[in-house]
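Hi,

Here is the model I said I would pass on. Have a look at it first, and then read on for what turned up.

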Amino acid sequence: MKSISTWLLIGLLLVLAITSQAKPKKTKNKQKQIDGELVKAESCKAANCKLPDCRCSGVTLPRSKFAGQEKEIPQFVTITFDDAVNVVNYAQYELLFNDLTNPDGCPASGTFFLSHEYTDYTRVNALYNAGHEIALHSVSHGDGTDYWRKADVATIEKEFGNQLDILETFAKVDRKSVRGMRLPFLQISGNNTFEAARRLGLTYDSSWPTQQFKDPAMWPYTLDYLSEQDCQIGPCPDASIPGFWVNPMVTWTDLEGYSCSMIDACVYPPEDNIDDLVDWMMENFNRHYEGNRAPFGMYLHAAWFARGRNYFAAFRKFIHKLTTYPDVYLTSISRMLEYVKKPVLGKPFKKCPILPTTECQARQCNVRKVSTGEERYMSVCDKCPTVYPWLDNPLGQ
Ligand SMILES: *[C@@H]1O[C@H](CO)[C@@H](O)[C@H](O)[C@H]1NC(C)=O
Ligand SMILES: [Zn+2]
């Protein structure tokens, strides 16, 4: 059975596949700048931009004195899943991360960029309590790239701010723990996206793919100064947003040599067998591990696991293999950024993160979506909303 969401996903993947090949495009941003305070970013000089709160874009090591000691820089691996968390993909996430431990004895974790529709908030609460990072991917997911490319600051602030309200109320996620965003279709809207993110108190974005800086790979950086990253899906920002981090999506390479910003956007993956898939993942990983140790991103949608009978097993085998390395850490993006701010050789952290212990009384709700009149099932913590939560009414009152 092909549900609407399957078709939406196929459409999304097509968009990703196409945009990841496209030449940088100049797009005129017609939105008015709401905040007159933004200033144009100047080019970055390392002498003026120092950790922990500023880093120039680029492939240089987090500390210049690490040169020659790359093999002692811990290799971070950031696994992220986008879109709704539901009963089916939650079971896969549990199977993937169960019993996975980093070399320092702390549990391995990932980042979930959540969109609202069809999300099961009791499962979000379980992921949160298990130590995963809950991050934002908008309430509506929009209906195509145009909406996001043209989005003004107020639209983005509403899409992501309302989602914070939803997460706090229905999944018991502390809003202060939510740090990051990824735009649907990876479609940013120049300064607006980042200005909205800053206003919401977020600290990073991970929507911006790079093809040019993959070998050696780009490290995360801040937007105090002008980014040198290639702009694959513009418009890209050129205002200064001090202290705000970009986690660049360093692309993978498929078997025909095309760059893919997410694993599921790779048009020519290997044959559907475990060994070939694991070897391919390892080749992509080794560009980082044997290079400048820039964080290695594994970005995908759970639907990718249904694309081949061995995809899930191969993914699981690969990440299990990574946890046998003495210097590879599978963490959320925000945890990885904590390291990048205060980078050291060897063991990256002194302590394990403290896991939240929120309580969630699961409730199954059947509520009406006001715009279409459809009934929606919704699993939440503690108390059902009156109508299906949406933009401008995130608590569904
Ligand atoms: C971003 O903001 C800067 C500073 O105000 C401005 O010069 C630039 O034109 C803006 N870019 C876009 C795409 O709006
Ligand atoms: Zn999405």
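Is Tyr 118 buried, partly exposed or exposed? Tyr 118 counts as partly exposed, because its relative accessibility is 47% (buried means under 20% relative accessible area, exposed over 50%, and partly exposed in between, with a 1.4 Å probe and protein chains only). This residue is not a glycine, yet its phi is positive, about 70 degrees. Tyr 118 sits in the loop between strand E2 (111–114) and helix H3 (121–129); helices (H or I, at least four residues) and strands (E, at least two) are DSSP runs numbered from the N terminus.

Some housekeeping before the rest. This is a predicted model, in which local features need pLDDT of at least 70 and side-chain atom pairs count only at pLDDT 80 or more, while totals for chains, interfaces and linings use all residues. Residues are numbered from 1 along each chain as its sequence is written, chains are lettered from A and ligands numbered from 1 in the order in which they are written, and side-chain values use heavy atoms, with hydrogens and water left out.

**Overall**

The protein has nine helices and 15 strands. Its C-alpha trace spans about 60 × 50 × 40 Å along the principal axes.

**The zinc ion**

Ligand 2 is a zinc ion, coordinated at 2.1 Å by Asp 83 (OD), His 137 (NE2) and His 141 (NE2). In sequence, the spacing of these donor residues reads D-x53-H-x3-H. One caution on the donor list: donors are N, O and S atoms within 2.8 Å of the metal (3.2 Å for Na, K and Ca), and water is not among the atoms, so sites may look incomplete.

**Ligand 1**

Which residues are around ligand 1? They are Leu 38, Val 39, Lys 40, Asn 191, Asp 238 and Ala 239, where near means that a heavy atom of the residue lies within 4 Å. By class, that shell has three nonpolar, one polar and two charged residues (Ala, Val, Leu, Ile, Met, Phe, Trp, Tyr, Cys and Pro count as nonpolar, Asp, Glu, Lys and Arg as charged, and the others, Gly among them, as polar).

As for the atom pairs, a polar side-chain atom of Asn 191 lies 2.2 Å from an oxygen atom of ligand 1. A backbone N or O atom of Leu 38 is 3.3 Å from an oxygen atom of the ligand, and a side-chain N or O atom of Asp 238 is 2.8 Å from a nitrogen atom of ligand 1. On its own, ligand 1 has 360 Å² of accessible area, and the protein covers 66% of this (Shrake-Rupley method, 1.4 Å probe).

Two cis peptide bonds turned up. One joins Asp 215 and Pro 216, with omega about 5 degrees; Pro 216 is in the loop between strand E6 (209–210) and strand E7 (221–223). Another runs from Gly 234 to Pro 235, with omega near 5 degrees, and Pro 235 is found in the loop between E7 and strand E8 (241–246).

The side chain of Gln 187 reaches the backbone oxygen of that Gly 234 at 2.9 Å. Gln 187 is buried, with a relative accessible area of 4%, and lies in the loop between E4 and H6. Phe 185 is found in the loop between strand E4 (180–181) and helix H6 (191–199). Its phi is positive, near 60 degrees, and Phe 185 is buried at 12%.

In helix H6 there is also Glu 195, buried at 0% relative accessible area. The side chain of Glu 195 makes a polar contact with the side chain of Arg 198 at 3.0 Å (a pair of N or O atoms within 3.5 Å; within protein, one must be able to donate a hydrogen and the other to accept it, and residues adjacent in sequence count only if both atoms are side-chain atoms).

Cheers
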